[in-house]
Amino acid sequence: MSEDNINRAKLTRLAEAIIDDIIKTPDVDIIAEVGQSGVEQARTILFQVKAAASRRLLAQAKHELEAWRAAQTSRTHSLDHAAARDRFEKVRSVDPAFNRKMMMAARNEKESTDRDKDGLIEDLADLQRLDEQDTLE
Amino acid sequence: MQIEGDETHSPSDDDARLPVADVFDLVDAISESDTARLMAAARGFSRLCGIDADDLLQEALTRALEGRRTCGRGTALVPFICGIMKSFVSQENEARKEGLRPTVVVRNGEPIVPEVPSDGPSPERATISAIDERVVLAEIDAGASGDEKLQLLIEGIYDGMRGAELREFLGVDEKGLATIRTRLRRLLKDTCANEFAP
């Protein structure tokens, strides 16, 4: 073993002996050894560290909640849109008159059918969300 | 004695680990005597690792409360925090992390930086560490000179002796050993005070 390793081992053993000793020392003796000012100083450090750690944990939790909410909103919106598209296609398939009007509009080039469809799907998704909010309320 | 305060553990160990919320509870419920023990340990370790006692206690608590160090369920707060402070003394892991940096090799006058940093303490760090340890040990030896029992205690600890073996080596009973150990802590506290004196 090199001299550096021997020195490091000595310090480690000394540190372990200190821990062992401090844990075994009776309450009254350890308080007397550290003194009331030392105890107060340690309490202040405990309080400050705990407060700082709490603030950091709270900030982290807020950040995670905001990220979760943002992810949920995006997911809900995407689900609304897909469900509205399904409903729209069902309406078109069971309502020949409506379907015919859509096709005529496209043929007359009054409006882009895709844009019409997207607008209707958006409106349907909004209506669905409003219905769900009413139900919840 | 089992010293707690591991920095790394596998996710499967999570159930056996003390959650951070429980560490907060332990800090809330700490007694006056255990508060004194933490300060006594910080003072004892301070000189061994060259960090001011208050800073040492603060850093150890921060690591525990941020979950950077964990311990097994059922571990008391004092051995847990002491274990963290002890890790500052042995510093092998810390040195490996902090000293991890690319080593510049000069070839034909041009510096060449390897893509992968060397996995070990930097040469500067290793040199500083070795010097510090020698200085600390020399100061402890010097401080104990003239106190034969204290010198024997230190030698015994260096040789890995504990409890009954130490008592036999020193020729004292439990109370006598406690008295000499108190002198050792006082010695460390005094050398620490000299080290950090303004």
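Along its sequence, chain B runs in the order α-α-α-α-α-β-β-α-α-α-α. That amounts to nine helices and two strands. The model is predicted. Chain B has 198 residues, and 33% of them count as buried. Among contacts in chain B with a separation of 6 or more, 64% link residues 24 or more positions apart.

The mean pLDDT of chain B is 77, and 68% of the residues score at least 70. Helix α7 of chain B (residues 148-158) has the highest confidence, at 94. Strand β1 of chain B (residues 105-107) has the lowest, at a mean of 45. In residues 100-119 of chain B, the pLDDT is below 50. This stretch still has 14 contacts in the model beyond near neighbours in sequence.

The two chains meet in a contact that draws 33 residues from chain A and 41 residues from chain B. On the chain A side, helices α1 (3-24) and α2 (27-94) each supply at least two residues. The most come from α1(A), which gives 17 residues. By residue class, the side of chain A that touches chain B comprises 17 nonpolar, four polar and 12 charged residues. For the complex, the predictor gives an ipTM of 0.71 and a pTM of 0.65.

Methods
Residues numbered from 1 in each chain as written. Chains lettered and ligands numbered in written order. Predicted model: local features only at pLDDT ≥ 70, side-chain atom pairs only at ≥ 80, totals over all residues. Contact = placed C-beta atoms within 7 Å. Helix = DSSP H or I, 4+ residues; strand = E, 2+ residues; numbered from the N terminus. Nonpolar A, V, L, I, M, F, W, Y, C, P; charged D, E, K, R; others polar. pLDDT = per-residue confidence, 0-100. Buried ≥ 20, exposed ≤ 12 C-beta atoms within 10 Å, placed from the backbone.
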